[in-house]
Every structure is written in structure tokens, then in C-alpha cells.
Amino acid sequence: MSVSNSHEPEMPLTPNHENDYRARNSSIFIVNGYLYAILAVFIWSGFILVSRMGGISHLHPDDIVAIRYLISSLILLPLWYFRFRFRLFDRKLVILSLTGGLAYSLSVYRGFELTPGSHASLLLPGLLPLLMTSLAVGFKQKKNSRSQTLGLFTIFAGILLLLFQKKGYSGNNLEGYLWITAAAFSWSLFSVLIKHWKINAWQATVSLSFYTCVFYLPFYLFSLTTRATPTDWSVLWPQIMLQGFYQGVLASIVQMLLFVKAVEKIGTANMGAMMGLVPLIAGTASIFLFSEPATSILVYGLILVSAGTFISSGLLNQLNFFQRKNTGRQHALRQYKNHQ
């Protein structure tokens, strides 16, 4: 009687099977990366909308700054102390927090109070790549490629169209534009300094929340004694809860982690291209959510900023879109020299 062995040896993977296995893992890796990227894009778009909601609510911009960084600090500091500790008391981290935390927040929330959401959706995402690139060149961190130059000019054209926007324009808009420009400059300087000083995302996130609280909360608490607050807390509490959850948890922590994970999996260029969706998503939502006028100039401006962000991300360079013509010329020149 023959006895069959139930534990037959596994067949070794052939090169074709191994390649298929690696291809499936690579596909899953990339799909997960784009999932992180899409979530980050929607949170960033929602940040513009929720910030505009706070700007037209009973809350003061100072209230939103305090809510954001108090809640994020209460979440992050225990994690820093018990699990992921680093040297928090560092001069560079203080400077980063003053630029990317205090200066950025005070400017951006004041801008959202004075600027329509559709305008802010065009201006803030458009100014960031312009200013980041200019500062990076100033710090000698990078040189612009052809696609980046074209993308930045496209963004600039979209921002110029906003200045010709007449319908829905008010006297407060110019002041709001200046505040958002100041916010974009602060965040751009923060981003460039992070790379210049080699500060990782966790260090930047924790220190930004901690030092903004340390420097800002005493002044904020004092300001509460000098200004009137609404007495109807039934109206105020839902706004506080919305801003606290979105600004303190989603925008400050979750969005940062999603952005970093997406960059790890799909690369900076692909993530930069995905961020080009933010002006279109946030701008379109603002028009319907806040009943803002949608003019052709505004629509063209949103499209130009989104397209410029996509082009300047460098994704087209990876696809050799701008290099095919030069590559063909170089090949022809080599062929000519070989036949001399």
C-alpha cells in the first residue's frame, strides 16, 4: 500500500513567477500611495473651506489659532514624551515654529476672514509653489527645470487673472490677499528651512504645535479679557468642535502624516501633481457652499493655477515630455559626428 505524503514540497518560484509577485506588490504599493495622496488632497481642500467657515462665523481668527494648536499639542506632546522623544529645546525648532506656526496661522486665518473662499482657493495654493521655488533658489537648494519654469509662469498668470476679478470684489479683498500672501511666504520659508536644516516631519509637527502654544496662548488669554465674547454658547460650541477637530487633528496631524506617506510611496513629483487638484476642488466647493459668484475669469484662474501646479511638480520631466525633443536632437548630433 502506498502512503501519500500530504506535505508535498513547494515548487520553487520561477523567474516569471517572481516577477509577477514583485509586480503585484509594486502595484499595491503605488495604489496605497495614491490613496494617501487623495486623502491628503481632500483634507487640504477641506482646510480652506473650514477655515473660511471659521472666518465668517462668530469665532475670531485668534480663537481658531488657539483651538488648533492647543488641541494638536494635547495629542502630540504625550506621544513625544512617552514614545517618540527627540531634543525639543532647539533654536532651529523655535525659529521654524515662529514662521510656520505663529506667523503663518495668524496671517492665514485673518486672510480667510476677509477673502472669499474661491479666491483663497486660487491664491494660497498658487503662491506656495511660486514662493517656495524662489526661496529654494535663494538658498541654492535647486535650479528650475524647463517644466518648473513653465508651470510657475502658468500659476502666475492664474493669480494675475484674480486681480482682474471685479464681480464679488470688495474693499476687504485686497487686505485679505495681502494676509494670505504673508501666510504663503511664512509657510514657504518654513518649508525651505526644514530642508536646509534637515528637520524631519515628526520634529517639525511636534515643535510647531508646542512652541506656538507657548508663545501664543498667554497673549490670547489676555486678549479674552479685553474683547466681548458671544453669550449664546449653543451657537459657539458647534463651531469650536468643528474647528478643533479639523484644524487640530486633521489639518495639523493626519494631513501631515498622509502627505509624508504619499511622498514615500509615489514620489514628490506625483504628490505635487496631485496637489494641483486642490484649487479646483476647494474653489468649486466654495462657489456652491458659500454662494460666491462664479465668473469666467475666476474659473480660468483656478484652471491655470491647477495646471501650473501639475506642470511645475516635475512629473512631466519623469515622463520625458520636455526632453524628447532634446534627446532626438542629441541622437542626431551623435549620428552626424560618428559619420565624420
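Which residues in H2 meet which residues in H8? I took this as my starting point, keeping in mind that the model is predicted.

**Entry 1, the contact.** On the H2 side I listed Ile64, Ile67, Arg68, Ile71, Ser72, Ile75 and Leu76, and these meet Ile240, Gln243, Gly244, Gln247, Gly248, Val249, Ala251, Ser252 and Ile253 in H8.

**Entry 2, the geometry.** I then looked up how the two helices lie against each other, since two packed helices are described by the angle between their axes and the distance between the axes. Helix H2 spans residues 61-82 and helix H8 spans residues 233-266, and I noted an angle of about 55 degrees between them, with their axes 8 Å apart. Angles from 65 to 115 degrees would count as roughly perpendicular and those under 35 as roughly parallel, and H2 and H8 are therefore oblique to each other. I also recorded that the crossing of H2 and H8 is right-handed.

I looked up burial last, and 44% of the 340 residues of the protein chain count as buried. The chain exposes about 19000 Å², and I noted that carbon and sulfur atoms supply 67% of this area.

Definitions and conventions: Residues numbered from 1 in each chain as written. Predicted model: local features only at pLDDT ≥ 70, side-chain atom pairs only at ≥ 80, totals over all residues. Heavy atoms only, no water. Axes fitted to C-alpha atoms, helices over the stretch in contact; angles between N-to-C directions. Helix = DSSP H or I, 4+ residues; strand = E, 2+ residues; numbered from the N terminus. Parallel < 35°, antiparallel > 145°, perpendicular 65-115°, else oblique. Left-handed = near helix turned anticlockwise from the far one by under 90°. Contact = heavy atoms within 4.5 Å. Buried < 20%, exposed > 50% of the residue type's maximum accessible area, 1.4 Å probe, protein only. Areas by Shrake-Rupley, 256 points an atom, 1.4 Å probe, with all protein chains shown as cover.
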